[in-house]
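Grab a pencil and open the viewer.

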Amino acid sequence: MNRTTVSLIAGVTALAAVTGFASMSEPETAGTATAKAAAQLPVERTSLLCPAPSTSDLAETAYTSFTPVAEGTGDDGSAELTAAGEESADGKTDDSKDDKKDDDKDGKKDDDKDGKGKAVLTPKEPGKPVTGEASGAESPALVGTAEGRFAPGWTVQQTTEIPAGSGRGLLGTNCTAPDTEFWFPGASTAKERTDYAHLTNPDDAAAVADIELYGKDGALKSTVGEGIQIPPHSSEAVLLSTLIDEPQTNVTVHVTVRSGRVAAAVQAVDDTLGADWLAPSTDPAGSLVLPGIPKDATSVRLIAFAPGDADADLKVRLASPNGPITPAGNETLHVKAGMTAAIDLGDVTRGEAGSLILTPTGRSTPVVAALKVVRGKGDKQETAFIPATGPVDTRATAADNRSKGSTLSLVAPGRTAKVKVTASAGSGGGTAAEKTYTIKGGTTQNVELPVPSGLKGTYALTVEPQSGGPVYAARMLEAASGGVPMFTVQTLPDDRGTVEVPDAEQDLSVLQK
């Protein structure tokens, strides 16, 4: 069986990431001395990668970069997002001489000899969004780096609008940092679906990755998903249906990296329900939150996978504006170990804001999960995906908000929380504005957004919890086209803009005791 790939090979400079991973939970009592001996400092360098947006000639893609203003960053720094390369003519996965010959024959541009791609956008200052554009099917993956004052909380949104044809829809994704493992519940190899796993390598050395697929009966055997080569500074798009023999409606994709690191995302295209990006689920956990289900959703499907050796029994609840609700007939979900399970929740939100909360009914077993959400009816339907996400620990940002069509959902699954939301200046002008909200425990609120005064262009929304329990967030963009309610949803996990750095003097005193 042949593996279908789209190869994007580039000669851009290596953009290594020094990304801070701040503590995501409250320190335990036993670790108080250690916690006091550490300071939260802004990260100094961040790397982000954006997948190739579309193979449609009708695609129009907008990129929006934003860094919130942060203390302690100094005055120096820069950020830049550059093209990872041109699409290879033959789709080979290795950086061979044959690839170059085929590119020459096809008239495509070779890699830049100086190893530097043309910048798609270059931010000028923190606190103000910068935008860039791309058109058509030849737009490549992008690789970016931010340093100094541009690094902490750097966010890049990729939004593609395709008005008709294959892949129709509003496809949105946050450009992500490279990593070594990803989970994607919610993919499919059904006949009506065309799902590609996009793997982008930012480094000087080739990366080697494996793609495993899991269906309702367990692992789906495949050898062509092993040892996928991603050349330096390039991207591979792997058609999932070519990895297995029989179509599967609900599939969990597991990407692991043997060598190097990559960014990963799944582009899901349905023949009748449009298209969107499926972002990775948060790491496997016993309890999960999937925020921001549109209030007018006509169909919601929950897909979950238990990666360990034990089955998981989950309690399913909807956090509505008035408190938690248990969906009738879908109170629980049993997920067998190593298998993908799915339940259809229908129009579970019934015209109100909502988020799904999964908790163990007994013993906690780690799972990953995502929602497939449909809006509209008949031949005017559109699809988006909401993966389980982490809480906003300190700060999170959603870029590319417009004067109309942006909805911010905030959910407090436990205790009541106080949250500040800041709307940045617009990319073309305006003055920042902010509001503070109280989100009652167990509820989801679609909050009335602060809007920059004198807004021109797009703006960013930055969410910062102030007090109380954990907060989860998601932003929906919508743009109607020909009666189709096109939309996309991005979750807002913490931006990890700070890193915990031990104080040498205090740390030494702790060790001496």
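**Exercise 1: aromatic rings**

Which residues do ring pairs link into a cluster? Work it out, then look at the single pairs.

*Solution.* Some ground rules come before the steps. You're looking at a predicted model, where local features need pLDDT of at least 70, side-chain atom pairs count only at pLDDT 80 or more, and totals for chains, interfaces and linings use all residues. Residues are numbered from 1 along each chain as its sequence is written, and side-chain values use heavy atoms, with hydrogens and water left out.

Step 1. The cluster consists of Trp183, Tyr214 and Phe305, linked by ring pairs. Rings of Phe, Tyr and Trp (its six-membered ring) pair if their centres lie within 6.5 Å; planes under 30 degrees apart count as stacked, over 60 as edge-to-face and the rest as tilted.

Step 2. Searching the whole structure turns up three aromatic pairs. One of them is Phe182 with Phe184, a stacked pair at 6.4 Å centre to centre, with 20 degrees between the planes. Phe182 and Phe184 are both buried (under 20% relative accessible area with a 1.4 Å probe, protein chains only; exposed is over 50% and partly exposed is in between).

Step 3. Now take Tyr214 and Phe305: their ring centres are 4.7 Å apart and their planes sit at 40 degrees, so this pair is tilted. Tyr214 belongs to strand E14 (residues 207-215) and Phe305 to strand E22 (residues 297-305), so the pair ties together parts 91 residues apart in sequence. Strands (E, at least two residues) are DSSP runs, numbered from the N terminus. Tyr214 and Phe305 are buried too.

**Exercise 2: a sheet and its edges**

Find the order of the four strands in the open sheet that contains E22.

*Solution.* Step 1. The order is E26-E22-E28-E29, with antiparallel pairing; two strands pair if DSSP finds at least two bridges between them.

Step 1. At the edges you'll find strand E26 (340-346) and strand E29 (380-387), each pairing on one side only.

Step 2. E22 and strand E28 (residues 368-377) share eight bridges, and Ala297 stands opposite Arg375 in E28.

**Exercise 3: two faces of a strand**

Sort the residues of strand E32 (residues 417-423) by face.

*Solution.* Step 1. In a regular strand, side chains alternate between the two faces of the sheet.

Step 1. Ala417, Val419, Val421 and Ala423 make up the covered face of E32, while Lys418, Lys420 and Thr422 make up the uncovered one.

Step 2. E32 pairs antiparallel with strand E34 (residues 433-439) over seven bridges, where Glu434 is the bridge partner of Thr422. Seven bridges also join E32 to strand E37 (residues 459-468), again antiparallel, and there Val421 stands opposite Val463.
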